[in-house]
Amino acid sequence: MRSESGRSRGDDHADVETAVDVRIRVLHVLPAPNGTTQYVDHMIGGAPPEIQILTFSWPRAILGAYDVLHVHWPEFLVRQRTPVGRFVKAILAHLLLLRLDLTETPVVRTAHNVAPHESGGRLERSFLAALDRRTVLWIRLNPTTPLPSGVRNATIPHGHYRSVFPPDPGARPEPGRLFQFGLIRRYKGIERLLDVFRAVNDPAMRLTIVGRPEDAALADHIRAVAAADHRIQARLEFVPDDLLAREVRRAELVVLPYQEMHNSGAALLALSLDRPVLVPRSDATDGLAREVGEGWVIMYDGVLQPADLLRAMAVARMTRERGTRPHLDERDWELIGRRHAEAYRKVVPHLAGGRR
């Protein structure tokens with residue numbers, strides 16, 4: 001997010017020294033803040049003064065000064081659409097590995113997913129295996145995440161979004177409105193949701209979809225279904241954070257019928273805005289339901305069915321009538337920042353007392 005001065009919250013952390021005696025420099029494999037809500041904003045905003053957060057560029061990664069490399073979604077270090085782009089990235093990725101070896105820089109990795117959502121080729125698998133061998137600490141977002149056997153690890157949950165989207169007492173959900181948002185990929189179950197929603201014969205129900213589809217064919221399919229059912233609205237593009245928050249708050253229920261759900265920033269954003277979510281049952285979603293309180297995380301088994309939508313809507317209304325909020329105290333970003341700082345101190349103990 002951007003401050004009133006127009007500078008990114010990460011500018012002071014990432015690019016200039018402050019009055020604080022910075023002890024540990026952490027390079028995250030994340031882009032610099034761009035004025036939208038991203039995971040990097042939380043890494044920067046929650047970092048305590050003794051941690052300097054650097055954001056990723058290839059020159060900085062290969063030639064810059066940092067003490068810890070913190071990797072997120074490492075497959076994107078080598079993925080590129082064109083053959084030339086993949087070749088260039090492969091060279092850069094192996095130069096990064098060489099630099100890590102020569103400088104003995106520890107690697108910390110956050111396991112956001114059980115596996116990449118799209119599989120890569122042989123070159124990608126080779127790079128990921130090499131990076132895994134150099135990883136000295138794995139961070140998982142929930143205790144159900146499987147990790148390689150015997151690795152050093154810590155569990156630090158994904159933070160909430162309440163500091164980004166403060167409460168709006170005037171916001172009221174519209175009866176019957178369902179909402180799905182985010183980057184629209186097939187594994188997120190959008191096609192099944194459209195089929196199930198159209199099977200619900202209730203003229204008072206509405207479905208709004210906001211986000212950019214992964215390809216033109218999926219976008220065309222969504223538009224065709226929406227054209228055939230006036231109850232469906234689709235805005236197939238990225239939208240600003242304030243508009244996204246407004247759309248979430250319009251909904252009685254956020255529906256995320258992913259084929260597999262392990263960690264979901266979309267679910268946490270909805271919960272941060274006090275809207276219940278419908279998700280597939282898994283160990284991770286079952287744990288989230290216990291954490292946030294009754295009625296906020298509504299689960300279904302197997303493949304999404306029309307009855308699941310109707311049941312979830314009824315539960316969402318009862319939850320709203322209770323007048324409570326989801327319990328998200330353990331996901332405060334300052335607390336998460338301190339936990340990350342503890343993790344970094346474990347991998348660079350020689351810097352805990354200050355840089356020499």
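Guide: Helices and strands here are DSSP runs, at least four residues long for a helix and at least two for a strand, and they are numbered from the N terminus. The model is a predicted one.

Searching the whole structure gives 2 cavities of 30 Å³ or more. The largest cavity holds about 70 Å³ of space. Its lining consists of 13 residues, and M43, A47, G337, H340 and Y344 are the closest to the centre. At least two lining residues come from each of α2 (39-45), β2 (51-54) and α12 (333-347). The helix α12 contributes the most to this lining, namely 6 residues. By type, the lining of the largest cavity has 9 nonpolar residues, 4 polar ones and no charged ones.

The second largest cavity has a volume of about 40 Å³. Around this cavity are Q180, F181, G182, L183, I184, R185, K188 and Y258. Its lining divides into 4 nonpolar, 2 polar and 2 charged residues.

F181 leads on to the packing. The largest nonpolar core counts 33 residues, and F181 and V297 have the most contacts inside it. Each of β7 (177-181), α8 (241-250), α9 (265-272), β11 (277-280), α10 (283-292) and β12 (297-300) supplies at least two residues of this core. With 6 residues, α9 gives the most to the core. Setting aside neighbours within four places in sequence, F181 is in contact with V210, L244, V248, V254, A266 and L269. Another core, of 28 residues, lies apart from the largest one and includes I184, F197, A219 and L253. I184 is also one of the residues lining the second largest cavity.

How values were computed: Residues numbered from 1 in each chain as written. Predicted model: local features only at pLDDT ≥ 70, side-chain atom pairs only at ≥ 80, totals over all residues. Heavy atoms only, no water. Core = buried A, V, L, I, M, F, W, Y, C linked by side-chain atoms within 4.5 Å. Buried < 20%, exposed > 50% of the residue type's maximum accessible area, 1.4 Å probe, protein only. Contact = heavy atoms within 4.5 Å. 1 Å grid on protein atoms, 1.4 Å probe; cavity = no way out; pocket = protein on both sides within 12 Å on 5 of 7 lines; lining within 4 Å. Points joined across faces, edges and corners; volume = space filled by probe spheres on them. Nonpolar A, V, L, I, M, F, W, Y, C, P; charged D, E, K, R; others polar.
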